[in-house]
Structure formats: C-alpha cells, structure tokens
Amino acid sequence: MGGERHEPPADGFETELDQIDALNRMEAPRPDPTDRQMHAEGAEGEGRRRDSRLLSAGHAVAEADSLDEALKLVAALYTPDFSLDGQCVFGIGEETLSSLGQYGFTPGGADRGFRMSMTAGYPAAEVARTGRAVYLASRAEYRRRFPATWHMSARKSREAWAFVPLVTAGRITGVWLTAFRSQVAFTAAERALLTTTGRMIAQVLERARASRAELELSRGLRRSMRTDGPALTGLSVATRYVPTGGGLMVGGDWYDSIDLPNGRLALVIGDVQGHDVHAAGLMAQLRTAVHAYAAEGHGPDAVLARASRFLTTLDEDRFATCLYIEADPSTGDLHIARAGHPHPVLRTPDGTCLIKHVSGGLPLGLMPGEEDYPVDVVRLHDDEVLMLCTDGLIENGGHDMYTGWVRVRDAFSPGPVEDLEGMADRLMAAALSAEPGAEEDDIVRDGDDIALLLLRRDAGPARDEVSRRRLMLTVGQDQGEGLSEARAQLKALLHDWARPDQVDTAVLLATELLGNVLVHTDQDGALNAYVTGETGHRRLLVEVMDRGDELPHQRTPGELASSGRGLMLLDILADQWGVRPEPEGKTAWFALNEASPAEAGDTATG
C-alpha cells in the first residue's frame, strides 16, 4: 500500500486546498518603479490641468453678468474623474431656502422653484445653519446622514453631492449645490477646488443682488417723477425721461413741477454728475430738497442757493446743473434762475425756435460760498412753448452743441402748437435716432440720460382791461396812520368786488399782517396786493413782507390773551395762506377767490 501512487484527478485540476497552497507559495509580484513614477506623473498632470481649468473658469466667472452665466462657466470644470453634472444656488431668507439659479437640472424638477424651511433635515439647510460644507461621497452616505430628505435626489442619476457655503463679507449669503454622475472621494484637493469656486460664485451672487437693488432703486425714483401736467388754468406741461446710459432705469437727470402756495407753478430740470447708482441717489435727495425749498416759498435764487449748499453736505466731489422757473399762469411771467444748465429754447406760434439766453451762476455744489444766481424775467405769450432739457437731448448720438441744436430745432419746429405731447415725442425720437447712414430702426442706447420738459401758455379769451390790478405800499414803524391808509387803498382796489363781506375780510387780514410787523419786529412792513382774473371769478393775493428773520408760529391763545390770533384768523377766513422765507426776511400772504352773492347765500343756508 505504501508504494501506491496517487494519480491526479482525471479532469487535470488540483483540489481546492492545493490551489490555496499554491497561491500561498507564489511570490507576490514586485511593483515596477517605472509604473509608480508614471502614475504619479499622471496624477500631477491631471492636477495641473484642473488648476489650469480653474484659473480659466475663474477669469470668465469674474466677468459674468448673471448667476446663470456663472454656473454655465463653472460646468467647464468637468473631467471624467470629477464628473460635475448639475448645480444649484440656494438663497437664504429669514426662515427659508429658495432656489436662485440652476444649471444641469431638468426644468420643472424638484430643484426648480425650490423652497424649504431652514430647520429641515436637508444638506443645504444644515450648511446655511452651521456655515460648514457638507460632502456626500455616495448615495449610501447621503441616505445615512440625511434620511428625511435623501429621496429628493434618489431618483436622479447622480452618485455624489457637495453643498458649499457662499460667504460675502463674513456673512453666509447662499449655498452652492454640485451634483456628480459618479462617486467622488472629495479629497483635500477636490474640496479646495470647490471652496475656491464657491468664493467666485459668491461674488457673482453679490453683484447680481446689488444690480437688482440698483434696478429697484432706479425704478422707484423714476416712478416718483411726476408725469402729469399742472392743474392750473393757462399753462400746459409735457415731460419725458429716458435713461440711455449706465444700465439703470434712472440716472442723475430729473425734472419736477411743483404747485406753489401763491398760486404759481415751479418747474425744475437738473442733472447730477455721473450715471451710476450714487448719482441716482444724490439726484433723489437733491430733487426732494429743491421741492421742499420751493414749497416753503423761497424765490428761484434762494432755492438754488440752498440746494447748492445742501448738495455740498452730501458729496463734495459731485456737482449738478439745474434750471428753476417760477411761472405765473395769469400773466405768463417766468422768473428763471440757472445753475450751469443749458439755456431754455423758445418756440413761437409760427414754429420759429430761439435759444433764450438767461443769466446764470455756477453749477450746484461746485464752489461752496459762491451761490449767486441772478433771476431773469421772461414773459411767455399765448401759444408759445418753452423747452427745458438736459444735455443728453442735445449731445446724444455723438453730436456737439451746434449739430445737436440743429437736430433739436428741426424736430421742435414743425407740428401744431396744440399737440404738446407730439412735440415731446418728436424730440425724443430725434435724440434717440442713430447716426446718418445707420439702419432705419437703430436706436442709440449708450449716450447720456435725457430729461425733457415742455411748457406752453394756452391761449384764452380776450382779457379784460382790469384783469390785473396791483397795489404796493410801505408802512414804517413811526407811521401809525399808515395802517388806515393801507385799509382805504385796499378797499379802493376792491371797489367792484362781488361780495362786500370778502372785502371786509381782506381788509381785516391785511391789517392783522401789517400790525404783526409793526408790533413784533423793528422793521417796516411792505404790502403788495394783486387782483387777477375775469370779473366774477377773480383772485386777490395780498403779501406783507419784512426783514425780520423769525417766522411766526400758530398758537392757541386763551380767552383773555391779547395776541396770538392772527394766524388763526388767516386759517379760518382765507382760501389760502402761508409764510415763506426770503433771502432777507420773510413774506406772509393770503388769497381770496371772488364768489358771487348767490354763492354767499347758499353758504349761509347750508
């Protein structure tokens, strides 16, 4: 038996134990140093290529105009071992996450129109709460760490995810989601790549938000500009505004029309230096200041002087041009003050256009302490139109002041005077048209902003010879009898007034205003009274001026008080009244509208 031989199995295979024993006896192959070096050089080369792509994408992303464009550029980082397949940027609200932009996801999917509570068990919500990135290298890890929400991505053909915080100025402003087709180990180099790219996307997101904020600001400022004409008989106004430069809905140009307390109309047009959002902000503040100074009753010169000092307090490096007109609808007289602004243009009824040269001072805010703005008086006759504009209307499209003026004249001259809106449309169309030789429909959009204001004096019925009366007198501190003379002259001025009781009211209020000057100041009192309009529908305006600086204040006097009732009487008896500061002193005024005796009877019956 001991000499028996064991034949190998017929099939020629060794037993399982023999196979294992043979494998154990086999010498493990030694790694080839050449292969190791080639592998290392390949990894290093791939790293260099990835860094090169990152650098190239970084330059492109830095110039991106929108978040969607930036995400599209970042997609260029794709490589077979870094299979970037989809991206989404989440915005952080007070209590929710919302999708701001995406690339690579199916429209209408869960990642489109996304909104989720900040307390949810979702990776992006955790990043927003903690500020730490979340890397999910596989589906299994996603399911293990976020069991409540992992199903949101389970149906998609993606195998790895990264959620990176977007940080601006130390504050988390969003979360960037990247999804991959295959599993990713998220090595230190890959995490550094995602972190660096996240910084780029955060900058784009901040720029996009700033652009939206600027756009909303400019839209609000543009809506605040008044577009309807004044509710005053005798004058019509048409306005236009086009922001052709700077990319905003509004720039530094503005216009305004203001109903003044003395029955007149203020018209303003101006241009703040620059086309950025800072210029738009300065314009809004300056426009508000001019409106407030005008409503207080300051004259054109005082309004511009105060506005210049106000602009200096806001920004010493910027200036503004401005033209301010105080218009009297009853006479057509225009009191004009100009601060470095283009001259107005006058169109006569036959279509002739003339540049109306008026005196002027330096632009607002240019030289503090040099606020001197002379006032010129121009009378606007029936069917004449005065055009106020910013320099964009003249120079837009590459024109200089001469060729631009010729273009404006050719557009302003034709057409019926009754069609004021048509005039404005023709002027804007001419200013926005392209250079000669360009396509017919080409529009210039890269020039200066354009603000335009047209003022027309409307033709009315033949005016009565007594349509305007005027009384001027001064009562000195040592002329007590001057009060009785003032009362007598005012009665004479109103000798044919329809209602005698209104005459008595006018005399009472004028005496009260003059008496306040003589009693409460050491100044003389100057009285101006004007009667305007047609008989039966006239208007009386009485102004009392003095050089005192202290403004009166309305009080509630007791029964035994000997003073303090003057402003109460004005408030009760006058149709309109007010107090306005002057460059030297102040003016108190009131107005009465003529009413027929029948109207007086109806009022008494009521």
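Okay, let's start with the aromatic cluster: Phe90, Tyr122 and Phe163 sit together in one. Keep in mind that this is a predicted model. Aromatic pairs turn up elsewhere too, and the structure holds six of them.

How do you describe such a pair? You give the distance of the ring centres and the angle of the planes. For Tyr122 and Phe163, the centres are 5.8 Å apart and the planes are at 80°, and that makes the pair edge-to-face. Where do these two residues lie? Tyr122 is in the loop between β3 (115-117) and α4 (123-130), and Phe163 is in strand β5, residues 160-168, so the pair ties together parts that are 41 residues apart in sequence. Both Tyr122 and Phe163 are buried.

Here's another pair, Phe180 with Phe186. Their ring centres are 5.7 Å apart and their planes are at 75°, so this one is edge-to-face. Are these two buried or exposed? Phe180 is buried, with a relative accessible area of 0%, and Phe186 is buried as well, at 5%.

Let's stay on Phe186 for a moment. You'll find Phe186 in the loop between β6 (171-180) and α7 (188-224). Now a bit of background: most residues other than glycine have a negative phi. Phe186 is not a glycine, and yet its phi is positive, near 55°.

Asp383 does something along those lines. Asp383 isn't a glycine either, and its phi is positive at about 65°. Where does Asp383 sit? In the loop between β14 (375-379) and β15 (385-389). Asp383 is partly exposed, with a relative accessible area of 24%. Asp383 also has a contact to mention: Thr348 touches Asp383 and Glu384, leaving out residues up to four places away in sequence. Thr348 belongs to the loop between β12 (345-347) and β13 (353-355), and at 15% relative accessibility Thr348 counts as buried.

Now look at β14 itself. Which way do its side chains point? β14 runs antiparallel to β11, residues 333-339, and five bridges join the two. If you want a spot to look at, take Ala337, whose bridge partner in β14 is Val375.

Next, a pair of helices. Two packed helices are described by the angle between their axes and the distance between the axes. Helix α11, residues 401-412, and helix α12, residues 420-432, have axes that come within 9 Å and cross at roughly 145°. The crossing of α11 and α12 is right-handed. Which residues make the contact? From α11 we have Arg407, Val408, Ala411 and Phe412, and from α12 we have Met423, Arg426, Leu427, Ala430 and Ala431. Sorted by class, that contact has seven nonpolar residues, two charged ones and no polar ones.

Okay, on to a sheet. Strands of a sheet pair through backbone hydrogen bonds, either parallel or antiparallel. Here we have an open sheet of five strands, in the order β17-β18-β19-β21-β20, and the pairing is antiparallel. Why is one side of β17 (468-475) and of β20 (576-581) left without a neighbour in the sheet? Because these strands stand at the edges, each with a single partner strand. From one strand to the next, the twist averages 15°.

Zoom in on β18, residues 525-532, and β19, residues 539-546. Seven bridges join these antiparallel strands. Asn528 gives you an example: its bridge partner in β19 is Glu543.

What lies across this sheet? Helix α13, residues 482-493, lies across β17 and β18, and runs at about 180° to β17. Helix α14, residues 500-520, lies across β17, β18, β19 and β21 (586-593), and runs at about 175° to β21.

Let's finish with Leu573, which lies in helix α15, residues 566-573. Leu573 is partly exposed, with a relative accessible area of 32%. What does Leu573 touch? Leaving out residues up to four places away in sequence, Leu573 touches Thr505, Leu508, Leu509 and Leu592. And one distance to end on: Leu573 and Phe590 are 17 residues apart in sequence, and from C-alpha to C-alpha they are 9.5 Å apart in space.

Technical notes:
Residues are numbered from 1 along each chain as its sequence is written. This is a predicted model: local features need pLDDT of at least 70, side-chain atom pairs count only at pLDDT 80 or more; totals for chains, interfaces and linings use all residues. Side-chain values use heavy atoms; hydrogens and water are left out. Two strands pair if DSSP finds at least two bridges between them. Helices (H or I, at least four residues) and strands (E, at least two) are DSSP runs, numbered from the N terminus. Axes are lines fitted to C-alpha atoms, for helices over the stretch in contact, and angles run from 0 to 180 degrees between N-to-C directions. Contact means heavy atoms within 4.5 Å. Buried means under 20% relative accessible area, exposed over 50%, partly exposed in between (1.4 Å probe, protein chains only). Rings of Phe, Tyr and Trp (its six-membered ring) pair if their centres lie within 6.5 Å; planes under 30 degrees apart count as stacked, over 60 as edge-to-face and the rest as tilted. A crossing is left-handed if the near helix is turned anticlockwise from the far one by less than a right angle, and right-handed if clockwise. Ala, Val, Leu, Ile, Met, Phe, Trp, Tyr, Cys and Pro count as nonpolar, Asp, Glu, Lys and Arg as charged, and the others, Gly among them, as polar.
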